Amino acid sequence: MDDQLMEQVDSEISAAPAENQGEMSMIMQSSRGYVTWNDEMDKVLLDTFVEYFNKGDRGQNGWKPHVYTTAVKNVREKCNVNITKSNIDSHSETFDKHYHVISGLLSTSGFGWDWDKNKLKVDNDSLWDDYVELNLVLIVLGCFYLYILDI
């Protein structure tokens, strides 16, 4: 999605009236069901997933239906936001993408995990700069490849 379209979507979401203004702070949704996730929502969702994972409620093909029901209920109640199973599915895909990127980084020399701050650490700035430069080149080449194939 190009930057101009993203700005338009963001402005539409920001301009949307909040439900129960004054009583609850609702996360805005556009008519297409787009939800802007925040740290609190992530924590509630991940806490729910961890709880049910520990109970063995994750099958080979994903979460059991009652886990989604509970996750929707928990995020709605604790974060005062109207979300759906579809929103959770979409956000789970984002978690998966982030997991793969971080796993790849952690398997690379010079990258590690700071357990006190719960975030990625890098031995030096030039290593990070090299990583970013390489990945930008790969993104540009990938987009060019898709353009050539007319995908």
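Let me begin with the salt bridges, of which there are five in this structure, and please keep in mind throughout that what we are looking at is a predicted model. I will go through three of these pairs.

In one of them, K55 is joined to E51, and the closest nitrogen and oxygen atoms of the pair are 3.2 Å apart. E51 is partly exposed, since its relative accessible area is 37%.

On the lysine side, K73 is partly exposed, because its relative accessible area comes to 45%.

Let me now step back to the chain as a whole. Its secondary structure consists of five helices and four strands, and if you follow the chain from the N terminus, the elements come in the order α-α-β-β-α-α-β-β-α. The chain has 151 residues, of which 25% count as buried. If we take the contacts with a separation of 6 or more, 34% of them are between residues 24 or more positions apart.

Next I would like to turn to how two of the helices are arranged. Helix α2, residues 39–54, packs with helix α3, residues 65–79, at an angle of about 150°, and the axes of the two are 9 Å apart. Their crossing is right-handed. On the α2 side the residues in contact are E40, M41, V44, L45, T48, F49 and Y52, and on the α3 side they are H66, V67, T70, A71, N74, V75, K78 and C79. Sorted by class, this contact is made up of nine nonpolar, four polar and two charged residues.

That brings me to the nonpolar interior. In soluble globular proteins, nonpolar side chains tend to be buried together. In this model the largest nonpolar core has 18 residues, and those with the most contacts inside the core are W37, M41, L45, F49, V75, I83 and I88. Two or more residues of this core are given by each of α2, α3 and α4, and the largest share, six residues, comes from α3.

Finally, I would point out two asparagines in loops. Most residues other than glycine have a negative phi. N80, however, has a phi near 55°, which is positive although the residue is not a glycine. You will find N80 in the loop that links α3 to α4, the latter being residues 85–106, and with a relative accessible area of 29% the residue is partly exposed. N118 likewise has a positive phi, of about 55°, without being a glycine. The loop that holds N118 lies between β3, residues 111–114, and β4, residues 119–122.

Is N118 buried or exposed? Its relative accessibility is 51%, and because the cut-off for exposed is over 50%, N118 counts as exposed.

Technical notes: Residues numbered from 1 in each chain as written. Predicted model: local features only at pLDDT ≥ 70, side-chain atom pairs only at ≥ 80, totals over all residues. Heavy atoms only, no water. Axes fitted to C-alpha atoms, helices over the stretch in contact; angles between N-to-C directions. Left-handed = near helix turned anticlockwise from the far one by under 90°. Contact = heavy atoms within 4.5 Å. Nonpolar A, V, L, I, M, F, W, Y, C, P; charged D, E, K, R; others polar. Buried < 20%, exposed > 50% of the residue type's maximum accessible area, 1.4 Å probe, protein only. Core = buried A, V, L, I, M, F, W, Y, C linked by side-chain atoms within 4.5 Å. Salt bridge = Lys/Arg side-chain N within 4 Å of Asp/Glu carboxyl O.
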